[in-house]
Amino acid sequence: MGSAPSPFVLPANLIPDEANPGWMSKGDNAWQLTAATLVGLQSVPGLMILYGGGVKKKWAVNSAFMAFYAFACVLVCWVLWGYQMSFGHKMLPFWGRINVSLEQDFLLAQAFSGMLPNATMVYFQFVFAAITLILIAGALLGRMNFIAWMMFVPLWLTFSYTFGAFSIWYPGGFLARMGLMDYSGGYVIHLSSGVAGFTAAFWVGPRLSKDRERFPPNNILLMLAGAGLLWMGWTGFNGGDPYAVNIDASLAVINTHICTATSLLTWLVLDLIFFGKASVIGAVQGMITGLVCITPAAGLVQGWAAIIMGLCSGSIPWFSMMVVHKKLELLQKVDDTMAVFHTHAVAGSLGGILTGLFAEPRLNRLFYSPPTDMYIGLFYGFQTGRVHAGFRQIGVQLLGIVFIVTLNVVATSLICLAVRFVVPLRMSEEDMEIGDEAVHGEAAYVLWEDDKATNAVLGEGSAPSDTEMTATKRRGGGRAGVV
C-alpha cells in the first residue's frame with residue numbers, strides 16, 4: 001500500500017501571521033513603500049536642489065527652504081485630517097469626512113484599494129500631496145513672504161487638494177464615478193499646481209523688475225542634479241499607481257521614460273531651430289512637460305502613443321511658453337517664476353486630453369475596477385464601433401479640466417485673500433533687494449575668510465557686500481523657469 005500524500009504546506013515566508021495578514025501581498029507592499037520613497041526623493045532633495053540651483057544666488061536658500069517646509073507641513077496635516085478628507089468616508093460628492101489617520105486599528109487594516117495596509121497608502125498618497133504644494137512654490141519664488149507661505153500650505157492642502165483628490169481618485173468621488181481617467185495625477189497634481197501657482201502668483205505680485213528681467217540660475221549643474229532626481233523618481237510616481245507589482249506597473253514605467261525622452265529631444269530641436277542654441281534649461285523644461293503629459297496616461301496607452309504624446313508635450317507647451325506667452329497680456333503680467341503654468345497646467349491638460357484619445361480598452365481593464373466598459377479612448381471607439389463611448393470619454397476628460405481649473409482659481413484666490421488679511425503676501429522691497437540673508441539670516445554660498453559671510457552661516461545675517469552685489473550684476477542671464 002502506498003502512503004497517503006502529504007498535505008500541501010506553504011513556504012514559511014508565505015504563511016499568514018499577525019504581522020503578515022492573508023490579505024496583504026508582501027511584494028506589492030514592498031514596491032509601494034519603495035515607489036513612495038522615490039516620489040518623496042523627487043521633492044526632498046530633488047525639487048529643493050532644482051529650485052536652489054535654478055534661481056538667482058540671493059534666493060537659493062529661500063527657494064529650497066520653501067520646498068523643505070512644505071514637505072514637513074503637509075505630512076503633519078495629512079495624517080491629522082488631509083488623508084481622510086481625500087480618501088476617507090464620503091461627506092460630499094467631492095469631499096471626504098474629517099478624521100485623523102493615526103489609530104493603530106486604522107493604519108494596520110487593509111487600504112481602500114490594493115493588497116496593502118492603510119499605513120502604506122497614507123504614506124504613498126502623502127508624497128503626492130507634498131509635491132503638489134512644492135510645485136506651486138515654483139511659481140512664487142523670489143518674493144513671497146515666508147510666513148504667508150507657511151499659512152498658505154495647510155490651507156491649500158485642506159481646501160483645494162483634498163477636493164480634487166477625492167473627486168477624481170477616490171472610488172466614490174463624482175468624477176471617478178463618471179469615468180475620468182487620471183492614472184497618476186495629471187489633473188490632481190499637475191493641472192492643479194499649475195493653475196494654483198499661476199493664481200497665487202497673481203495675488204502675491206511680481207518680483208523686483210530687475211529680477212524679472214535678469215534671473216540667471218546660480219548653479220546649472222546643481223539644477224541638473226535635481227532634474228535627474230525628478231526624472232528617475234517618476235518611476236515610482238507612475239509605476240506605483242496600480243498599487244501592485246504587475247504588468248501594468250511595468251508598462252507605466254517604460255511609457256513614462258519613452259514620453260519624457262521624446263519630449264526633451266523635441267524641445268531641444270525646437271530651441272536649436274528657432275534660437276540657434278541647445279539650451280540646458282530648455283531641455284529640463286522639455287523633460288518636465290514630458291513627465292507631466294504622460295502622467296494621466298502612463299499605464300493606459302501603448303508605447304507608440306507615448307512617443308506621440310512626447311512629441312506633443314515637447315512642442316505645444318514650448319509654443320505656449322515661447323509664443324503665446326509673449327502675446328497675452330495676462331501671461332506677461334503674472335510673474336510665474338518657474339513657468340509652472342506652461343510646464344504643469346498646459347502639459348497636464350494636454351495629457352488628460354490625449355489620454356481620452358489613446359487609452360486602450362485592454363489596458364483600461366488592467367488598471368480600473370469593473371465596470372470598465374466606460375473607459376475607452378476615442379480612437380479605439382472608432383476602431384471598435386463604440387464612437388459614442390469614445391466621445392463621452394473626451395467629454396469627461398474636458399469636464400475634469402474645467403472642474404480642476406475652476407476649483408483652483410476660486411480656492412487659491414480665497415486662500416490668498418484670507419492670508420493677506422493676516423500678513424502681507426509679498427516681501428518688502430528692502431528684503432527682496434537683499435534676498436536670503438534678509439529673510440533667513442543665511443546665505444547659500446559663503447567665503448569662510450569673510451567674517452560677515454561666516455556670521456551669515458551661523459544665522460546672524462548680513463547685507464551683501466558691494467563686491468557681492470557687483471559680482472551678481474555681472475553674471476550672465478538665463479531663461480526663466482524650469483519647473
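A residue counts as buried when its relative accessible area is under 20%. The model you are looking at is predicted, and its pLDDT averages 90, with 91% of the residues scoring at least 70. One stretch to read with care is residues 456–480, where the pLDDT is below 50; beyond near neighbours in sequence, this stretch has 41 contacts in the model.

- Helix α14 covers residues 340–358, and its end C-alpha atoms lie 25 Å apart. At 1.5 Å a residue, its 19 residues should span 27 Å, so the two values agree.
- Ala339 sits in the loop between α13 (329–333) and α14. Its relative accessible area is 7%, so Ala339 is buried.
- The phi of Ala339 is near 55°, a positive value in a residue other than glycine.

**Other backbone features to look at**

- Most residues other than glycine have a negative phi, and most peptide bonds are trans.
- Tyr243 has a phi near 60°, which is positive although the residue is not glycine. You will find Tyr243 in the loop between α9 (220–239) and α10.
- With a relative accessible area of 10%, Tyr243 is buried.
- The peptide bond from Val44 to Pro45 is cis, and its omega is near 15°. Pro45 belongs to helix α1, which runs over residues 26–54.

**Nonpolar cores**

- The largest nonpolar core holds 105 residues, and the members that touch the most others are Tyr51, Leu140, Trp149, Phe152 and Tyr161.
- Apart from that core lies another, of 23 residues, including Ala252, Met309, Tyr375 and Leu378.

**Thr260 in helix α10**

- Thr260 is placed in helix α10. Its relative accessible area is 0%, so Thr260 is buried.
- Beyond four places in sequence, the contacts of Thr260 are Trp231, Gly286, Met287, Gly290 and Leu291.

**Lys277, between α10 and α11**

- Lys277 lies in the loop that links α10 (247–275) to α11 (280–294).
- The relative accessible area of Lys277 is 64%; exposed means over 50%, so Lys277 is exposed.
- Once neighbours within four places in sequence are set aside, Lys277 is in contact with Asp271 and Leu272.
- Lys277 and Thr289 are twelve residues apart in sequence, and their C-alpha atoms are 20 Å apart in space.

**Ser315 in helix α12**

- Ser315 is part of helix α12, residues 303–327. At 26% relative accessibility, Ser315 counts as partly exposed.
- Not counting residues up to four places away in sequence, Ser315 touches Thr266 and Leu270.
- The side chain of Ser315 also reaches the backbone oxygen of Leu311, at 2.7 Å.
- Ser315 and Ala278 are separated by 37 residues in sequence and by 15 Å in space, C-alpha to C-alpha.

Conventions: Residues are numbered from 1 along each chain as its sequence is written. This is a predicted model: local features need pLDDT of at least 70, side-chain atom pairs count only at pLDDT 80 or more; totals for chains, interfaces and linings use all residues. Side-chain values use heavy atoms; hydrogens and water are left out. Helices (H or I, at least four residues) and strands (E, at least two) are DSSP runs, numbered from the N terminus. The expected span of a helix is 1.5 Å times one less than its number of residues. Buried means under 20% relative accessible area, exposed over 50%, partly exposed in between (1.4 Å probe, protein chains only). Contact means heavy atoms within 4.5 Å. pLDDT is the predictor's confidence in each residue, from 0 to 100. A nonpolar core is a set of buried Ala, Val, Leu, Ile, Met, Phe, Trp, Tyr and Cys residues joined through side-chain atoms within 4.5 Å. A polar contact is a pair of N or O atoms within 3.5 Å; within protein, one must be able to donate a hydrogen and the other to accept it, and residues adjacent in sequence count only if both atoms are side-chain atoms.
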